[in-house]
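Please look at the sequence and structure first.

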Amino acid sequence: MASEEASLRALESLMTEFFHSCTTNERKREIEELLNNFAQQTGAWRQCLFFLSNTRNEYVMMYSLTVFENLVNKQWLGVASQDKMEIRNCLPKLLLAQHKVMPYFIRNKLCKVIVDIGRQDWPMFYHDFFTNILQLIQSPGLASLGLVLLKTTSEELACPREDLSVARRDELRKLLLGQVPTVLGLLTGILESYWDKHNVMGTTPPPSPTSGEDVELLGSLFQGSQYSKLLCKPMAELDQDSHQLCCLVLESLAHLFSWIPLSTSITPTLLASIFHFARFGCDLRTKAKPDPFISSNGPPSSNGDGQSLTQSAEGKQDRARLGVLAMTCVNELVSKNCVPLDFEEYLLRMFQQTFFLLQRLTRENNSHTVKGKLQELDECYLEKFTDFLRLFVSVHLRRIESSPQFPIVEFLALLFKYTFNQPNHEGYFACLEIWTVFLDFLTTKIKSRLADRESVLNRYKDALGLLLREVLNRIQFRYNQAQLEELDDEALDDDQQTEWQRYLRQGLEVVAKVMELLPSHVFTTLFPILQENLDVYLGLQQFIVTTGTVGRLNISAENDCRRLHCSLRDLSSLLQAVGRLSEYFIGDVFASRFNDAVAVVERLVEVTCYGSRSSLYDLETAVPSVLKPDLIDVHAQALAALQAYSHWLAQFYSEVQRQNQSRFVSLITSAVDASSPLLTPKVPEKLLLSACHLLVSMASTVRPVFLVSLPAIQSTFRLITENNSSGLPPEAHMLVCRALSNMLLLPWPSLPESEQQWQTRSSSHASLVAALTRDYRTLRGTTSLPQGSTELGNMKAVMQQTLPVLREVVDSISGESTKSRQICYQSLQESVQVSLALFPVFIQHPDVTDEMLSFFLTLFQALRVQMGVAFTGQIIHTFLSMFTREQLAASILQEGSAGCRVVQKFLKILQVVVQEPGQAFKPFLPNILSLCMEQVYPIVAERSSPDIKGEMFELLYQVLHQNWRYFFKTSVLASVQRGVAEDTMENEAQFTAAMQAFGQSFLQPDIHIFKQNVCYLEALNSKHKLYHRKLFRTSMLFHFINVLLQVLLHKSHDLLQEEITLAVYNMAAVDFDAFYSGFMPEFLTGCQGVDSNQRTVLARNFKLERDLPSFTQSVHRLVNDLRYYRLCNSSLPTGTIKL
C-alpha cells in the first residue's frame, strides 16, 4: 500500500510538471517516455485502479483511464480471464461510488472504458452489461449516469470502429436492435413523467396567446387532431436537475434515431413527448448555452428556490437547449428516405406537430412582430428548424403533398412568413434553397402530369405570385435599402462572387424557376417595375449640362442623389433579372411569347443606345464615388442583358430570313451602334468588356449577313487593322478580334453554300490576320536571340501579344464547318510557319514557349486536318527533337513553373495526335511511347509531379485505346470465334512498360492519379478486354489484384473504395475459378500478422460468389477482418499461446 501511495504521489508530481508552462519540450519527452513504459508493464492496470480510487488530480485520472482504454481496445485478448472479471467488477463500482465528485470529462471517459469492455465481452462474458444500464436509467438518483452510458453504448456499439470483426459488428447491432423497444419505452416514460410532473407544478404559463386561440388557428392544419389540444397547453417549468436529465434523454434519442430503422417502436406518445420539448425553442425568453451537465464540473448554482428558472438567465438559456435537442431528434427521423408503410401515418402526425410550431413561430402578437420574435430566438434552434423544413420538402413532400390531412397551401403560407422574416442573410438563403427545391418538385410534377397541369398550377398560383413579388422586393433598394447596404460588394468568396452578387443570384434563381411555371405572370410583374426604373434612367437626359466637352449631371440635393442611387442599383438588378429570363422566350414558345420578348429587346436596345450616346459613364456627378459606378454598372448590365437575348435574336433572324427584315435589321444595327463607341481605352473596363461580349455574341450566335457591312463594324475593323495596337486592354482586344474574325469565317444561317460569299470573306479574313500579325511575321528570319535585353523584351512582347489573339481566332471556329476552318488556316499559314521556326530559338524561354505551345495545341485541336500530314509531321518531329531528356528534366523539376506548363501542353498535343484516326500519324507512335516511358516517366516516377503525371498517363491511355492494334493483331476470325485463336502480340516490351507504370502509380499517395488510372484500366477492359488478354492474364492480373487489395488494407485511398473494389471484381471475373482456387490461397498465405487458423477463417468467410454486390461484401469483410486480426495479434503479449 505504501509503495502504491508513493507511486501515486510520484505520478501526480510528474503530471503536474508535464503540464506546467515552464517545462521544456525535452523534459516533456522524457516524462512521456517514462509514462509509456509504465503503461506497457503487465499488470499496470492494478496500480491505475488504485490511482483512480485515491486521487483528485485530473491529469492522473485521465492518464489512468487511458491505460485502461489501451488495455481494453488493444490488449484485451491477451488479458487473463480472472483479471478481466476483476476489471469488469471494479470499474462500474468505481463509477457508481465517485460519479458525483468526478469532473464530467473523467466520468465520460470512465463510461466509455466500461462500454468498450461491453463491446468486447457482452453478452457472453459480461451478460449484465446492458441490464445494468437499464437499471441505472430506472433508478431515480442514477438515471443521468445510465443515460450517459446508454448514449455512449449507442455511439460505440451501433457504429463501431474497425477494431471488430464483421461478424461481431453484426452481432452487436442485432443485440442492440433487440433492446430498442425497451429503451425507447423507458426514455418515453422519463420525458412524459417530467413533463406531466412540471406541467402540474408550473404556476405561471409563459406569455403566449390562449389555448383557445391556438386551436382555432390550427383548425385546418390538424383537422381536429388530438395533439392540437395537447400542444396548446402551457409549457412546463423544469428545475435544473429535470432539465439536465431531459437533455440527456433527447441526446440519447438523437443518436439512437441516427441508426435505428423507422418502425412502430417509435410510438405516437414518444413523438408527442419530443414535440412538447421542441416548443421550448419557441420561447422568446431563451438563448442557448451548452448543457452544464455535459460541459462543466457540476450544475450551476441555483438561485434559491430551484423552481422558477425564469428568474435565472442560465435557466432561460437551458430552455432553448431543450428545443434544439428535440429538433435534432425530429431531424434525424425526417432525414430517413426509406419509410415503411406502417410508419407513414406517424410521419404525417409528426409533420402536423412540427407545423404547429411553425405557426407558433410566425404569428404576430401585440409585443412582437414575426421578425422581432425570430431575432430573439436562439440561432441554433432556428437553424435546426430550417433544416427540418429543408428535409421535409426535399425528402417527404412527394409523400405528403396529396394527403387530404395535410393542407399544403397553408404550409406554404407559413413557410413564406418564416422565409421573409429571417433575422440574417444565411437564414434567408437557406429558406430560398427550400423554395428552390419546392419549385423543382412542382416543375417535375407538372411535366409528368400534362393533363391536369392547369389545375395543379391554379392550386399554387397565389403562393407563387406572393413569393415572386416578395423576392423581387428583397433585391430592390426601394423596399429593402437598410439590409442591402450591409452587403459587401468587394470581397470575393470561394465561388468568385461578392456577398451582394450571391444575394442577388439566389433571388434571381427563384424568379427564374417561377418563370418556368408561370411565364406570363412573371413577365407582367417584372416588366412594369423595369419600365418604372428605366424611365428614371432615361429621364436623366434633362439634367445633363454640357460645358465644352465635359458633361455634368445636375442633381446635387442629398435626398435626390440617394433616391437616384437606389433607383440605379435597382435598375441594374432588374436588368440582370430580365437577362436571366431570356431562355424562357426561345424554342417552342418563341411565337407565343414573341410580343413580350420583342418589347424587352427593343427597350434594352433603346437604353444601351441612350447610355452610349449620352456617355453617362463619363459624366461628372455630385457624389462621384457612388453615382459614377452606378451609371457604369447600369450601362454594362443593359449590354449584358441584351447579349443574353442573342439566342432569341438568332431565332428571330431564322424566322424572318425570307420576309421583311426591317425590324430585325433595326435591332441589330442599333445594338452594334450602342457597342462600337465603347471600344476605346478611355471607357471603364467593366463597360468595355460588356460591349465586346455583346459584339462577339452578335457575330457568333446571331450571324446576320449584313453585320460586316454596317458602318460601325467597318470603323471597328479600321480601329483594329490600321494601328499596330488598338490600345485596348488585352482581353478586350482579343474579344474584338474574335468577333471580327467570326463575322468573316462563320457560315451565315439558313443560306445555301452558293450564297455564302466565301471568296470575298476569305480575302477579307486574310487581310485582317495579316494586319494583326504584321509585327509578328517580321521575326521570321530570327535564328538566334539578340544580346540586348530591350530588343529581346520587344520580341517577347510582340509574340505574347499576337499568339493569344491567333489562338482566340482558331479556338472560335474549332467546332465549325470545314470551309470555315480552311479559310482560317489559309490566313494563318504564314504565322504558323513563323511560330515553328521561332520555337527552337526560344526553347530556353519557357514564358514564350508556353504561349507558343498553347497556340499549337489549339491548332492541333481545331485545324490538324487543314494543316495536312506532312506539315503536322514536321511540327511533331521538331518538338520531339527539341524536348531532350535534359530539357524535360529542367522543366519538370520546377513544379508549377512555366517550363512545367510547357511540358504539359506538349503532352496534350501528343494526345491529340495519337487520337487521330487513320494511318497518317502511326509512324510517330514508337517515338511518342519512347518519350513517355524513357524520358518523361523516369523523371516523374518517384516525384509527385501531379500535373505532368496526369497528362502523361492520359497520353499512355490514348495510345493504348486509339492504337490497340499496334499491340494486339487480333484477326477478325479470332474475334468472331473467341477463344479459338490467341492474340498476336507486337511491341510487347512497350506494352509491358506501360502496364508497369500504371501499376507503380497504385503504390503512390496521389489519390487523383490513382483514381484516373483505375478508370483508364477499367475503360481499356471495357473497350478492348484488357484483363482477358493472354499477356495481362498470365503475368499481370494477380499482381494488380494484389496491389489493389493491399491499398484497401492500408486504407491509404479510402475515398476510392468503390472504384478499387469494382476493378478487383472485374479482374477476378476473368477467371473466377483461378481467382478462388489460385489467387486467394496465395494471397492469404502471403499475409503477414495472422496465423493459420485466422487464414482459414478468412478464406471460409470469403464466399465463392460471382455477382458484384456479394463479391463487394466479401472483399470488405476480408479487409476489415484481416485488419482486425492483425490488430489483435499485435497486442498480444510475447509468448501468448493462441488456441
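At the start of helix α51, a side-chain oxygen of Asp1091 comes to within 3.1 Å of the backbone nitrogen of Asn1093. The model is predicted: local features need pLDDT of at least 70, side-chain atom pairs count only at pLDDT 80 or more, and totals for chains, interfaces and linings use all residues. Residues are numbered from 1 along each chain as its sequence is written, and side-chain values use heavy atoms, with hydrogens and water left out.

**Helix α51**

Helices are DSSP runs (H or I, at least four residues), numbered from the N terminus. Helix α51 spans residues 1092–1101, and in it Gln1094, Leu1098 and Asn1101 are buried; buried means under 20% relative accessible area, exposed over 50%, and partly exposed in between (1.4 Å probe, protein chains only). Seen down the axis of α51, its buried residues fall within an arc of 70°, so they line one face of the helix. The arc is taken from the directions that run from the helix axis to the C-beta atoms. Ser1092 and Arg1100, on the other side of α51, are exposed.

**Leu604**

Leu604 belongs to helix α27 (residues 594–614) and is buried, with a relative accessible area of 2%. Leaving aside neighbours within four places in sequence, Leu604 is in contact (heavy atoms within 4.5 Å) with Leu575, Val578, Ala638, Ala641, Leu642 and Tyr645. Leu604 and Ala638 are 34 residues apart along the chain, and their C-alpha atoms are separated by 6.2 Å.

**Aromatic rings**

Rings of Phe, Tyr and Trp (its six-membered ring) pair if their centres lie within 6.5 Å; planes under 30 degrees apart count as stacked, over 60 as edge-to-face and the rest as tilted. By this rule there are 74 aromatic pairs. Two of them are tabulated here.

| Pair | Centre to centre | Angle of planes | Class |
|---|---|---|---|
| Phe652 and Phe664 | 5.7 Å | 90° | edge-to-face |
| Phe1075 and Tyr1076 | 5.2 Å | 75° | edge-to-face |

Phe652 lies in helix α29 (residues 646–655) and Phe664 in helix α30 (residues 662–675), so the pair ties together parts that are 12 residues apart in sequence. Phe652 and Phe664 are both buried, and Phe1075 and Tyr1076 are buried too. Ring pairs also link Phe1075 and Tyr1076 into a cluster with Phe1038, Tyr1065, Phe1072, Phe1079, Phe1083, Phe1102 and Phe1111.

A charge sits over a ring if NZ of Lys or CZ of Arg is within 6 Å of the ring centre and within 35 degrees of the ring normal. The charged end of Arg761 sits over the ring of Trp748, 3.9 Å from its centre. Lys28 lies over the face of Phe18, 5.6 Å from the ring centre.

Note on methods
Helix = DSSP H or I, 4+ residues; strand = E, 2+ residues; numbered from the N terminus. Polar contact = N/O pair within 3.5 Å; in protein donor to acceptor, adjacent residues only side chain to side chain.
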